[in-house]
Amino acid sequence: MKRPPLAVTLGDPAGIGPELTLRAWTALKDRRHDFIAYADLDQLREIADRLHLPAPRACEPEQAGEIFSQALPVRPVPLPEPARPGHPAPANAAAVIASIEACVRDTLAGRTGGVVTNPISKAVLYEQGFRFPGHTEFVAHLTAHAAWDGPRGPMMMLAAPELKTVLVTIHLGLRGALDALSTEAILHTARVTLAALRTDFGLASPRLAIAGLNPHAGEGGALGREEIEMVAPAVETLRAEGHDVAGPMPPDTMFHAEARARYDAAVCLYHDQGLIPVKTLNFHGGVNTTLGLPIIRTSPDHGTAFDIAGRGLARADSLIAAIRLASTMAENRQSALT
Ligand SMILES: NC(=O)C1=CN([C@@H]2O[C@H](COP(=O)(O)OP(=O)(O)OC[C@H]3O[C@@H](n4cnc5c(N)ncnc54)[C@H](O)[C@@H]3O)[C@@H](O)[C@H]2O)C=CC1
Ligand SMILES: NCC(=O)COP(=O)(O)O
């Protein structure tokens, strides 16, 4: 059976999202990773013209499959103010948010098969009163009342072929992240991750590594006691539940090639502990995905890149990887749940 197209959000229209959407369409138009962009039709037509591509066409998600090989399908989300690359417009914030809402709504209704988000400028949205730290928390809010049998996130995973990391704390300053850590939070992150590795990534017996917090994982308590008091009890509980879990791992030695071969995903305690290794190993191939949701949501690992927007320099590899991963996860989830 043909699956519905993925829904790709607008992102910040002054960032690299719109040009990447067209480049991703060029790369995928013959490969059956159908998607539909929820974006401004005039802006996309202008960029397509510049890139000598066919004019994107407005349609409903149900028609996207018929036209995908000829033109980028678009569900129009008009911008109140024409986008200027590199210069985000506060007046367009409502359209950025409306695009995410429409993609999630259509995915919950089964009209689209998952959501792929283009990067947003969080600072610009915060100034306009957006009260969620990022897509992760916003999409969790929009799907909070949808049925879901698995353990509920949201958990942020950064996934590249070389490494997958999942964060216990996400969009928090470092001091706030330290206060938010607990054995319960680590356990919850690990359980959502293990379930997603089975359901969405098709791994029958997933292996986890859980990072420590301090240098040398605390050096037996001399350099910090969080490993002894917080991380080790979570590892013991997970092992007692029958899971293959290693830790607390010294954070500085758990990401080299031989160490990575011993686990499928690393549970990391704060944002940069998990994002730095993935973005360093493979900035252009990394994907951000939210685990523990009733729908599939992926995103490129990079941001709006205002410094290069509209200059033809942005690489679409990460958005293409996000679209491919969303297709694979949707397929795996459907097989696991039927
Ligand atoms: N999923 C999302 O919505 C995300 C949004 N952001 C937002 O993006 C904004 C900018 O964040 P930054 O830290 O500057 O990160 P960034 O990823 O936008 O840019 C970092 C550097 O990488 C380059 N770069 C990024 N993507 C590229 C691509 N596809 N091809 C070639 N070069 C690329 C940029 O030119 C820049 O020099 C912030 O407002 C942040 O909140 C950041 C990460 C994810
Ligand atoms: N650094 C990752 C990031 O900020 C992406 O957040 P989200 O918008 O995917 O929640």
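Colleague: What makes Glu62 and Arg111 a salt bridge?

Modeller: In this predicted model, the N to O distance between the two side chains is 2.8 Å, and a salt bridge is defined as a side-chain nitrogen of Lys or Arg within 4 Å of a carboxyl oxygen of Asp or Glu, so the pair qualifies. Glu62 lies in helix α3 and Arg111 in the loop between α4 and β5, so the pair ties together parts that are 49 residues apart in sequence.

Colleague: Why is Glu62 called partly exposed?

Modeller: Its relative accessible area is 46%, and because buried means under 20%, exposed over 50% and partly exposed in between (1.4 Å probe, protein chains only), Glu62 falls in the middle class. Arg111, at 25%, counts as partly exposed by that definition.

Colleague: Which salt bridge does Asp200 form, and why is Asp200 called buried?

Modeller: Asp200 pairs with Arg333, the closest N and O atoms being 2.9 Å apart, and the two residues are 133 residues apart. Asp200 has a relative accessible area of 2% and Arg333 one of 8%, so both are buried.

Colleague: How do you know which residues and atoms these values refer to?

Modeller: Residues are numbered from 1 along each chain as its sequence is written, while chains are lettered from A and ligands numbered from 1 in the order in which they are written. Side-chain values use heavy atoms, without hydrogens and water, and local features need pLDDT of at least 70, side-chain atom pairs count only at pLDDT 80 or more, and totals for chains, interfaces and linings use all residues.

Technical notes: Helices (H or I, at least four residues) and strands (E, at least two) are DSSP runs, numbered from the N terminus.
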